[in-house]
Amino acid sequence: MIHARGLGRNFGTKRVLRDLDLDVRERDLLVVTGPNGSGKSTLLALCAGLLAPTAGELEVDAERGRVGYLAHEPLVYRELTALENLDLYGRLYRVLERRERIGMLLERFDLWEARHERVSAFSRGMQQRLALCRTLLHDPDLLLLDEPYAGLDEAGATLLDAELGALAGKRTLLVATHEPERLAPLATGRLALA
Amino acid sequence: MNYLADVGALARKDLRLELRSRDTILSMTLFVVATLVVFSFSLPAGAGEEAAYGLLWVAILFTAILGLTRAFAAEREQRVLDGLVLAPCDRSAIWLGKAIAVFAFLALAEVVALPAFALFFEPVSWEVVAAVVLADLGLAAVGTLLAAMAAASRARELLLPLLLLPLAIPIVVGGVGASISDDPGRFLGFLALYDLIFAILSWASFEYVVTE
């Protein structure tokens, strides 16, 4: 599903990724690790199509609307409620039975009671849960998750474990994380960036 | 139909955000009224209607810049534009939804500005109102595109006026002409043509502005 050859990305004179070869098959779960600044987020942004490579080739076999991208920021409007944000994304992603799907995700990530609250009033963990709801809303074929455990308390992390467990083997996942041991039972491969 | 539904959802979102914060409309309205008050004191007695209308169009242009610098503030804050760009909708829908919201904010500011102008300077004719509406359409169209470009830059407050002012000169020429000319129809037609050309250009090029 993802094939990269000699992939590189510079920001000005700073070389963040260089000469990366990568093959991710359908339904793989690849864990991407590495220290801060090693290019994990850049790799995910490249795969999402948000950045263009400055060297090499990258082929991602997924349509734009079939990619779920979890970034460092939740990519939601702070002055809209959780429900309004998900409704907007649901419309833009043409989610069938949108209201039911949104309700199910909000329940699953324990945000149903807070659905009418503005995101600006959310804690960091709640924002991350909402970001996960947004990422999963359209049931994507390819999931690009950048530090999905960031900000989550133990209950939230357990919810995410269960969600990833249900997706593993059915969807293709690239997960950049500093906690690779959490995903070790599910991972089909590991990419360590230096 | 999907395209119009996307545009509607995006424009409603912007109007809802503004109804909650009232940041943009309030600052635009206060700015344009304050500018007209200052102009009313700075214009020499007997300067004539030509000078007064010139100042009106300067005030409208700078008010538009003020509003446009905030146009993508909510998207910039949490990189929401990345989320919108990844959606399978036509990316020009993002531009059109935003341009509709910008037009609404400009129109609301001028609902206050034109009576204020009439109070301090000259009565406002229908030609002036028509010119302002057409100018707002042009400013919203081209300004939204440039605001998206500037939003990605750290120097956005400087970049937006630098990009917009040269492109807005035809709007000022058309607006002043429609306000003072004996043949305002010619200038209104010129403004309409400007709107059409720049709306098409902005609509077609937005995709390249928000992607690498």
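**B:Ala73**

I looked up B:Ala73 and found it in helix α4 (residues 73-77) of chain B; helices (H or I, at least four residues) and strands (E, at least two) are DSSP runs, numbered from the N terminus. The model is predicted: local features need pLDDT of at least 70, side-chain atom pairs count only at pLDDT 80 or more, and totals for chains, interfaces and linings use all residues. Residues are numbered from 1 along each chain as its sequence is written, while chains are lettered from A and ligands numbered from 1 in the order in which they are written.

B:Ala73 is partly exposed, because 15 other C-beta atoms lie within 10 Å. By the cut-offs I used, a residue is buried with 20 or more other C-beta atoms within 10 Å of its own, exposed with 12 or fewer, and partly exposed in between, with C-beta atoms placed from the backbone. I also checked B:Ala73 against B:Ala151: the C-alpha atoms are 7.7 Å apart in space, and the residues are 78 apart in sequence.

**Positive phi**

Most residues other than glycine have a negative phi. I noted B:Arg79, where phi is near 55 degrees, a positive value in a residue other than glycine. B:Arg79 sits in the loop between α4 and α5 (80-86) of chain B. B:Arg79 counts as partly exposed because it has 17 C-beta neighbours inside 10 Å.

In chain A I noted A:Asp139, which is not a glycine and has a positive phi of about 50 degrees. A:Asp139 lies in the loop between α4 and β6 of chain A. With 13 other C-beta atoms within 10 Å, A:Asp139 is partly exposed.

**Chain B overall**

I counted 9 helices and 0 strands in chain B. For 212 residues a compact globule would have a radius of gyration near 17 Å, and chain B agrees with 17 Å; the radius is taken over C-alpha atoms, and the globule rule is 2.2 Å times the number of residues to the power 0.38. The C-alpha trace of chain B spans about 55 × 35 × 30 Å along its principal axes. Buried residues are 45% of the 212 in chain B. Of the contacts in chain B with a separation of 6 or more, 80% are between residues 24 or more positions apart; a contact means C-beta atoms, placed from the backbone, within 7 Å.

**Chain A overall**

Chain A has 6 helices and 8 strands. Along the sequence I read the pattern β-β-β-α-β-β-α-α-α-β-α-β-α-β. The radius of gyration of chain A is 16 Å, close to the 16 Å from the globule rule for 194 residues, so chain A is as compact as a globular protein of that length. Its C-alpha atoms fill a box of roughly 45 × 30 × 30 Å along the principal axes. In chain A, 42% of the 194 residues are buried.

**The sheet of chain A**

I traced an open sheet of 5 strands in chain A, with parallel pairing and the order β5-β6-β7-β3-β8; two strands pair if DSSP finds at least two bridges between them. The edge strands are β5 (67-70) and β8 (189-192) of chain A, each pairing on one side only. Neighbouring strands of the sheet are turned by 10 degrees against each other on average, direction ignored.

β5(A) and strand β6 (residues 142-146) of chain A run parallel and are joined by 4 bridges. A:Tyr69 has A:Leu144 in β6(A) as its bridge partner.

Helix α1 (residues 40-48) of chain A packs on the sheet and touches β3 (29-33), β5, β6 and β7 (172-176) of chain A, its direction making about 155 degrees with that of β6(A). Helix α4 (residues 124-136) of chain A lies across β5 and β6 of chain A and runs at about 165 degrees to β5(A). Axes are lines fitted to C-alpha atoms, for helices over the stretch in contact, and angles run from 0 to 180 degrees between N-to-C directions.

**Interface and core**

I found 23 residues of chain A in contact with 21 residues of chain B. On the side of chain A that touches chain B, β5 and α2 (82-92) of chain A each supply at least two residues. The largest share of that side, 4 residues, comes from α2(A).

The largest nonpolar core has 128 residues, and A:Cys133 and A:Leu144 have the most contacts inside it; such a core is a set of buried Ala, Val, Leu, Ile, Met, Phe, Trp, Tyr and Cys residues joined through C-beta atoms within 7 Å. Its largest share, 15 residues, comes from helix α7 (residues 126-151) of chain B. Not counting residues up to four places away in sequence, A:Leu144 touches residues including A:Leu44, A:Val67, A:Tyr69 and A:Leu174.

Key:
Contact = placed C-beta atoms within 7 Å.
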